[in-house]
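Visitor: I'm new to this one, and I'd like a close look at a single part. Could you walk me through it?

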Amino acid sequence: MPEHQVEVVHAVTDQVLEGVPLKQEPEASEDQPQLKKCEDQAQLDGAIDFSRVDFSKISDKELEELYIASINRTGISKGPQIQPPPSPPPTPTQVSVSAAPQPIPPLLRRASSSTPTTVPTPTNGLSYDNHPTAMFVHLEDINLHKPLKNVVVKFSFRHRKYSTGPGSYPGGHRETKFKFDVNYHALLFDHLKIDVYEAGFFGSHIGRVHCRLSRLPQVLGDIEHSYQLKHRKAHRNPKLAGKQIGEITIGFSFIGGRRQRPGRSQSMSSLHSSRNRSDSEATVDAIKGTPEQEKVADEFLEMLQEERRNGNASGLFSSSSSFDDSKSVISFKSTTSSGTTKSKKRWPSLLSENTIAGLKEFSEGAAALFGTGWKISKVEFVQAFLFLNKYYNKYHPNARTHDIVMDKRQLRVSCYFLNYSMTAYGSLILNYFGYGKGYARDFMRPKMDSKTAREHLGLKREDMLVWDFELKLFKPQYFVVRDPKLNAIIVVVRGTSNIHEVITDAHAEYETFSHGYAHRGFLRCAQWLEENLTNRIKGWVKQYNCNAVYLAAHSLGAGVASLFTMILCQHLDEFREISRNPKFALKCYNIATPPCVNAELCAEYEPYIETYVNENDIVPRASWGAILDFRDLIITSHNLMNEKGLTTQERMTRLAERHAELKQSNEHPKVYIPGKIFYIYKTSRVHSSTTGKPKLSDDEEFTGNPLIDDVVPHYLVERSRKELFGNLAFKTNFIFHHLPSKYDNGLRKVSNCCVFMATGSVD
């Protein structure tokens, strides 16, 4: 948009915030279909649906009018509209698009902390395939209670840090802008940390601000937001917490480009770039400015080159210590030719470039997670953790649905594919589970793992199609077999067993996937399988005339197999055509699946995925959102322990209230376990008095089902829901319950229990 139109839009925004009525806009003409359609929808629904607007076809004038209409409709706020006392508050359908709102107090214009504004909705213009990919920040204004001559401002976002040079107070840094790459995960969870220092060699720290992006009123276009400066040790000292330092106003500019949504015939992962490039790097290259902006950029670059030849280029910029002149501050057009760029000399390393890039990404995520929010010492963390663990063990038992599975065939099928999942760990681990032929015998022979797998599964040599366990980051270890008994191709993905897979697990950030988001590390492994295995599976189905493709996995492999199943579902019609079987089956049987996709994708692919969760297994409960909830509960526990005059029961009650608030809110969006979920548990741990669980009523204690009410210890499997596994609870045996052998023991005992039901006794 040209500069004069930007000024007009900003002037209109100021008028709205000051309560000045806006001029009635003329009715849209025939050459304005996008704007008129959106305004008509606003008159009916009370809000403008930005998802129906194609921004690539809308003119600058239409965009300006649409922006004005959106301001009139929503008041740039999710807060309530303040009306004059005599007239009753109008309903959303009674307010016209051009009606001018009354002034809104600043507190009402703040976004709710429990509803992130970065979550896509039909009215905020965001979607999973259209979100900002870059953020420019600058200091708009600063007002200190103790005026200074010069100040220095430092901006920190994830692993990137920028620092301004000494500037005069208060307006010495208003023209300095810094660019940060953002992705969807950063918009949901990350903070921008701002520190203000007194300039000089002995300059002291003045104040600090943490700006969470999801709490901004919006993340599209330009926005200004004010924050109260706090002392950096305010969380540890109540006196410092109440100290008035001043206020700082930060300007944000979010920019990004729309990515094309794939059709049903396209691959679901075709949205994404190469695994070696981040989401922001993949989309920023495609961003183009308007012709006016590109013209200004060209003029600026010519002036910059001329000043460089004269030796005066440094005067064009402020005294920023971290300015990267390879990118223009006006355009994304690179100022350095790729043909003349000198590559940096790399020293020999034991790690591959792919692993180094993965470790760098992991460090960025760790910096974002541990850089903000953890405001207690290690000793205080241990004390709060023990208090929280006591709350989980005594006052928060695992939720149950009492929907017991009695289908013996389903249990036998789950045990059948569980054998495949355990076999992927190799001969040594299989012997540890009690299914090998001896450590000495299996360890000494060549190709011991594949031979032991064939023996354990009862397969011939020609039935083993692929055995690929090459160590490489974001490449899953897997094997593929043809099962003659099922006449099916079975893909088995191994769980975590080496450092590469630990790094994959740690890449838990959310990355956009189809019409949702997924675990980044698992998604990259699934994309590797899509690129290297999909066509081979089609060839095997055609060669052996198979009736189905099954997937089986445990832990990390279960997350990868679930995402790969979602990708293969897009090829299901082709599989049916190749096999000439309209009933061709595709199914994934997992155990201990970690959370990996959003709720919408979980529901969509429920018919294709089954997963089993064993009692206190922590892996199916660990997601980025659950970790942040856990951090919040740790801080709450620490504060309650330091509050004097409270009994243990009162502390537990207040902690339970905070826990309920986190579960009801969407402050920390989560990923969930995909597919149908079945929960395995032992009744002796439910009815035991050693848990200290409060006594339940008779209706809750006795369900009328003899399998549940029988006091004899036994295992059961019940149908469960994904929402019941959203808490990161460190309960008894939370690691041991994750082992495949524990799943095998529980499922087989449940199967035996169903067999003996005919005799009326439970063993």
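Visitor: Let's take Leu 428: is it buried, partly exposed or exposed, and what is its relative accessible area?

Guide: Keep in mind that this is a predicted model. Leu 428 is partly exposed, because its relative accessible area is 35%, and buried would need under 20% while exposed would need over 50%. You'll find Leu 428 in helix α11. Leu 428 also belongs to a nonpolar surface patch of about 660 Å², together with Ile 429, Tyr 432, Tyr 439, Phe 443 and Met 444.

Now for some other helices. The axes of α9 (residues 378-395) and α19 (residues 624-642) come within 8 Å and cross at roughly 100 degrees, so these two helices are roughly perpendicular to each other. Among the residues making the contact are Phe 381, Phe 385 and Leu 388 of α9, with Phe 630, Leu 633 and Ile 634 of α19.

Asp 629 pairs with Lys 670, their closest N and O atoms being 2.6 Å apart. Asp 629 sits in α19 and Lys 670 in the loop between α20 and β18, so the pair ties together parts 41 residues apart in sequence. Asp 629 is buried at 6% relative accessible area, and Lys 670 counts as buried at 12%.

Key
Residues numbered from 1 in each chain as written. Predicted model: local features only at pLDDT ≥ 70, side-chain atom pairs only at ≥ 80, totals over all residues. Heavy atoms only, no water. Patch = residues over 30% accessible without salt bridge, like charges linked within 9 Å, V, L, I, M, F, W, Y side chains within 5 Å. Areas by Shrake-Rupley, 256 points an atom, 1.4 Å probe, with all protein chains shown as cover. Salt bridge = Lys/Arg side-chain N within 4 Å of Asp/Glu carboxyl O. Helix = DSSP H or I, 4+ residues; strand = E, 2+ residues; numbered from the N terminus. Buried < 20%, exposed > 50% of the residue type's maximum accessible area, 1.4 Å probe, protein only. Axes fitted to C-alpha atoms, helices over the stretch in contact; angles between N-to-C directions. Parallel < 35°, antiparallel > 145°, perpendicular 65-115°, else oblique. Contact = heavy atoms within 4.5 Å.
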